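Please prepare a briefing on the structure shown below. Group the points by topic and give the cut-offs for the terms used.

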Amino acid sequence: MSSIVIVGSQWGDEGKGKITDFLARTADVIVRYQGGNNAGHTVVVGDQEYKLHLIPSGILYKEKTCVIGNGVVIDPEILINELDYLKQRGVETKNLQISGGAHLIFPYHKLMDAAEEDKKGNNKIGTTRRGIGPAYMDKAARIGIRLIDLLDKDVFEEMLTRNLLEKNHLLEKVYEIPPLSKEEILTSYLEYAEKIRSYLSDTSLFIHNAIKDDKKVLFEGAQGTLLDIDFGTYPYVTSSHPIAGGACIGAGVGPTKIDRVIGVAKAYTTRVGSGPFPAELMDETGQYIREKGHEYGTTTGRPRRCGWFDAVILRYAVRLSGLDSIAFTKIDVLSGLKKIKICNGYRYRGEVLTEFPQTLKVLGECEPIYEEMDGWNEDITGITSFDDLPKNAQDYLNRIMELTGVNVSIISVGSERGQTIVIDRFV
Ligand code: IMP
């Protein structure tokens with residue numbers, strides 16, 4: 001198989017960074033296709049922990065090429081900080097390629113993101129306030145500025161002047177925020193351009209040639225299925241397409257060039273930000289999972305809302321991304337729980353729903369319908385094969401495969417690279 005897409009199957013934070021890092025061992029090229037520094041990946045290599053927001057986790061292998069595709073929105077200051085952070089830690093970054101078509105995040109995007117959130121009061125989306133939504137808004141409105149535009153001072157200055165005229169008006173008149181200085185942005189962004197220039201390329205062409213040359217390409221989605229702007233829990237979503245189809249658009253490859261799609265799913269469900277979450281646990285079990293699973297945002301440090309595994313959500317992810325298999329993460333976090341529940345349907349006004357509803361109003365009224373299974377007490381963090389897992393953990397996984405109709409091909413039992421079980425017959 002030459003090209004694989006990895007997608008988040010829930011609300012993001014499924015542990016995609018670890019799975020990407022694991023699969024990157026056998027890949028030649030690792031591509032990020034959407035989102036921006038709203039994402040956060042933690043990868044543990046031996047006693048070293050790396051936190052990345054923009055650069056694909058494949059960068060930790062020095063012989064691989066990493067790509068940031070056109071579908072990503074880039075805050076250049078963050079990108080440069082991340083490059084410096086990696087260099088300081090001895091990680092080589094020269095094999096990074098960035099699409100000139102990727103749109104830039106500007107200071108006004110961040111101010112507008114925060115101001116919009118503050119204005120919404122109780123209806124906050126709970127964004128990461130990184131300017132992601134406003135940057136994609138400009139892209140859709142056809143006034144966005146791309147990395148390639150930054151390389152030509154005259155083109156860039158003209159675009160910035162036009163944009164700032166409108167943005168400063170908005171900042172002052174609508175949000176009551178002091179206007180931004182064009183000179184300051186111009187100077188700092190032209191400096192960024194010099195630092196980024198050598199990484200820019202036609203990444204769609206590069207990926208096309210890599211696939212043609214039988215290279216293995218891994219497409220790494222950020223966020224998750226339920227944060228997809230079309231299919232997620234709108235409006236509590238991000239502004240891009242984390243589902244597998246997003247890889248084609250955000251990297252510039254045709255759908256016939258994708259061989260497999262792997263959905264990453266956590267052994268339980270988490271969510272940051274607002275919006276309905278039927279299987280949410282508001283009790284001490286939720287707290288137990290949060291503490292044991294370190295369920296605090298990599299990007300914002302916010303505590304994540306925690307709940308039981310929801311098979312309705314997974315079936316939805318299987319449908320939207322055409323998942324071939326699941327990489328199941330953090331099952332070790334459930335060790336020690338006497339009983340474990342799986343949500344397999346929702347009760348809505350006396351009706352039983354087995355598919356994910358289309359409106360938030362319905363979702364908000366859904367009560368979870370649970371199946372209960374016996375838990376296990378053993379420490380499973382050192383286990384290396386499915387057959388050595390406690391019987392109850394095997395039963396749990398088998399039941400999830402039955403309920404989702406998809407096999408589990410990878411099981412993660414800890415944060416390190418080695419703590420990964422591969423079920424060969426399902427890969
Ligand atoms: P934005 O992407 O910052 O606009 O935030 C929109 C929604 O997506 C909010 O609910 C965020 O909490 C959520 N979100 C964005 N990025 C991530 C992520 O990487 N993991 C989990 N949730 C995210």
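The protein chain carries 51 positive and 59 negative side chains, and the centres of these two sets lie 1 Å apart. Lys and Arg count as positive and Asp and Glu as negative, while His and the chain ends are not counted; each charge is placed at NZ of Lys, CZ of Arg, CG of Asp or CD of Glu. This is a predicted model, in which local features need pLDDT of at least 70 and side-chain atom pairs count only at pLDDT 80 or more, whereas totals for chains, interfaces and linings use all residues. Residues are numbered from 1 along each chain as its sequence is written, and side-chain values use heavy atoms, with hydrogens and water left out.

**Overall form**

- The protein chain contains 13 helices and 20 strands, where helices (H or I, at least four residues) and strands (E, at least two) are DSSP runs numbered from the N terminus.
- Its radius of gyration is 22 Å, close to the 22 Å that the globule rule gives for 427 residues, so the protein chain is as compact as a globular protein of that length. The radius is taken over C-alpha atoms, and the rule is 2.2 Å times the number of residues to the power 0.38.
- Along the principal axes, the C-alpha atoms of the protein chain fill a box of roughly 65 × 50 × 40 Å.
- The accessible surface of the protein chain is about 17900 Å², and 50% of it belongs to carbon and sulfur atoms. Accessible areas come from the Shrake-Rupley method with a 1.4 Å probe; for residues, only the protein chains shown count as cover.
- Of the 427 residues, 57% count as buried, meaning under 20% relative accessible area, with exposed over 50% and partly exposed in between (1.4 Å probe, protein chains only).
- Among contacts with a separation of 6 or more, 75% are between residues 24 or more positions apart; contact means heavy atoms within 4.5 Å.

**Cysteines**

- The structure holds zero disulfides, a disulfide being a pair of cysteine sulfur atoms within 2.5 Å.
- The sulfur of Cys66 is 19 Å from the closest cysteine sulfur, in Cys248, which is too far for a bond. Cys66 is buried, at 0% relative accessible area.
- Cys366 is in no disulfide either, and the nearest cysteine sulfur, that of Cys343, is 8.9 Å away. Cys366 is buried, at 6%.

**Helices α4 and α6**

- In helix α4 (residues 132–140), the buried residues are Ile132, Gly133, Pro134, Ala135, Tyr136 and Asp138.
- The cover over these residues includes β6 (73–74), β8 (103–104), α3 (107–120) and α6.
- Asn163 sits in helix α6 (residues 153–174) and is buried at 5% relative accessibility. Beyond neighbours within four places in sequence, Asn163 is in contact with Tyr108, Ile143 and Ile145.

**Loops and backbone geometry**

- Tyr61 is in the loop between β4 (48–52) and β5 (65–68) and is buried at 10% relative accessibility. Not counting residues up to four places away in sequence, Tyr61 touches Asp21, Phe22, Ala24, Arg25 and Arg417.
- The peptide bond from Tyr234 to Pro235 is cis, with omega near 5°; Pro235 is in the loop between β10 (217–220) and α9 (245–251).
- Gln223 is also placed in the loop between β10 and α9. Its phi is near 55°, a positive value in a residue other than glycine, and Gln223 is buried at 9% relative accessibility.
- His294, in the loop between α10 (284–292) and β13 (305–307), has a positive phi of about 50° although it is not a glycine. His294 is exposed, with a relative accessible area of 61%.
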